[in-house]
Amino acid sequence: MLRTKELFDKNEYFKETYEKAEKVFAVNTPKDMEFLDIKYDEDYIRHLENQADKMKDVSDYFILIGVGGSNGAARSVIEGLKLSDIKTIYAGNFLSPIQMRDILNLISNSDVCINVIAKNFKTIEPGSHFRMIREMMSKIYTKAELEKRIAVTGTPGELLKRIGEAEGYFVLDFEENVGGRFSAFSNVGIFPIIMAGGDIRSYFKGRDDMIERIAKDPKELLTYVAYRNSNFKAGKDIEILSSFDPRFEYFNKWWVQLFGESEGTNDTGIYPDSMLFSEDLHSMGQYIQAGKQIFMETFLRIRNYPDIEIFESNIDDDFDYLNGKNFAQINRAMEEATIKAHTERNIPAYLFEIDDLDEYHFGQLYTFFLMAVLVSARVMDLSPFEQYGVEAYKNNMFKRLRGLNE
């Protein structure tokens with residue numbers, strides 16, 4: 001179960017931002033959050049599971065082609081839980097020739113299947129990777145084999161889905177009312193998780209329980225939104241998501257994209273960043289503790305860990321104070337020490353704690369933060385669905401590539 005704890009003093013802006021968040025939640029929730037109402041019946045889930053089984057039966061590797069929101073949520077779950085029904089390789093997230101060389105070598109020497117995901121199929125990273133991977137596969141497999149190995153997730157009527165239908169691939173809808181970074185509970189997020197062996201029913205249960213919990217009492221959601229926005233008004237321009245377990249690496253990336261793209265517009269917005277402790281305490285910990293105080297910090301930690309006891313040493317290594325302890329105790333001591341040090345520096349903080357890292361709790365975390373970012377952006381008088389800033393580099397790149405052709 002997800003638990004939250006306030007670790008900040010309410011400043012002069014808290015009451016007004018909380019009251020605004022209440023109004024936003026009451027007015028905007030139905031239309032803003034319709035993507036959370038996507039429901040797949042049991043027959044459809046079994047349909048996806050059957051297709052995943054067919055693809056895994058003929059493959060050693062699963063190549064997931066997408067960028068940003070098209071694979072962020074799935075990657076967080078797959079990598080965070082070390083799901084291993086099939087080894088997942090990620091493509092379409094960079095334009096590195098070295099990465100492409102390695103992927104082509106993999107295809108030449110292994111049996112692979114792929115899922116390419118794109119909202120409108122105009123983004124060059126997944127588009128170029130799908131072309132290269134598809135053509136390489138076509139040199140190895142027959143057309144009938146390709147149909148067994150390629151899944152396409154595209155918007156109805158758009159080019160990617162039309163290609164998938166024309167070529168006889170397994171085709172899934174990228175629902176039109178779902179943006180990439182909001183796609184955790186759509187075909188975009190769930191089919192790769194199913195491919196990797198995730199418990200998708202538990203994942204949806206986490207979502208549904210969190211929706212019900214917030215509908216009954218939105219106070220903790222509104223408090224988190226008010227915490228962010230009131231501290232932003234007070235000059236805290238950066239929110240750091242600080243996690244105490246390396247399995248949160250890709251969840252942190254998903255969270256940064258979610259808030260960065262949803263609030264970074266109109267020359268405003270809280271800048272989202274993330275840290276993985278304790279490693280980052282030995283680098284950015286110095287700046288957080290002693291640098292310019294422009295931060296608020298949201299902590300994410302796990303309650304339950306396996307009991308890994310510390311070995312006693314046969315040599316005098318000066319660590320005998322660890323005798324009789326285990327790594328869960330050490331990690332918790334680091335967590336508490338970090339929170340204490342940072343809050344004593346007057347860094348406002350908010351704590352999220354989950355019992356375990358599993359599909360259910362991923363479903364809870366995704367739902368809470370998806371709802372929070374929508375309310376938070378509206379409190380700032382921003383549209384959470386805008387991302388026109390991403391187009392600037394794309395337009396410049398297209399001009400350069402067309403210039404090369406000319």
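Q: What makes β1 and β8 edge strands?
A: The open sheet has five strands in the order β1-β10-β9-β7-β8, with mixed pairing. Strands β1 (3-7) and β8 (271-276) each pair on one side only. Strands are DSSP runs of E, at least two residues, and helices are runs of H or I, at least four, numbered from the N terminus. This is a predicted model, where local features need pLDDT of at least 70, side-chain atom pairs count only at pLDDT 80 or more, and totals for chains, interfaces and linings use all residues. Numbering starts from 1 along each chain as its sequence is written, and side-chain values use heavy atoms, leaving out hydrogens and water.

Q: How do you know that β9 and β10 join?
A: Pairing takes at least two DSSP bridges between two strands. Strands β9 (residues 295-302) and β10 (residues 349-354) share six and run parallel. Glu-297, for one, has Ala-349 in β10 as its bridge partner.

Q: Why does Ser-59 count as buried?
A: Buried means under 20% relative accessible area, exposed over 50%, partly exposed in between (1.4 Å probe, protein chains only). Ser-59 has 8% relative accessibility, so the residue counts as buried.

Q: What makes Ser-59 and Met-55 a polar contact?
A: The cut-off is a pair of N or O atoms within 3.5 Å; within protein, one must be able to donate a hydrogen and the other to accept it, and residues adjacent in sequence count only if both atoms are side-chain atoms. A polar side-chain atom of Ser-59 lies 2.9 Å from the backbone oxygen of Met-55.
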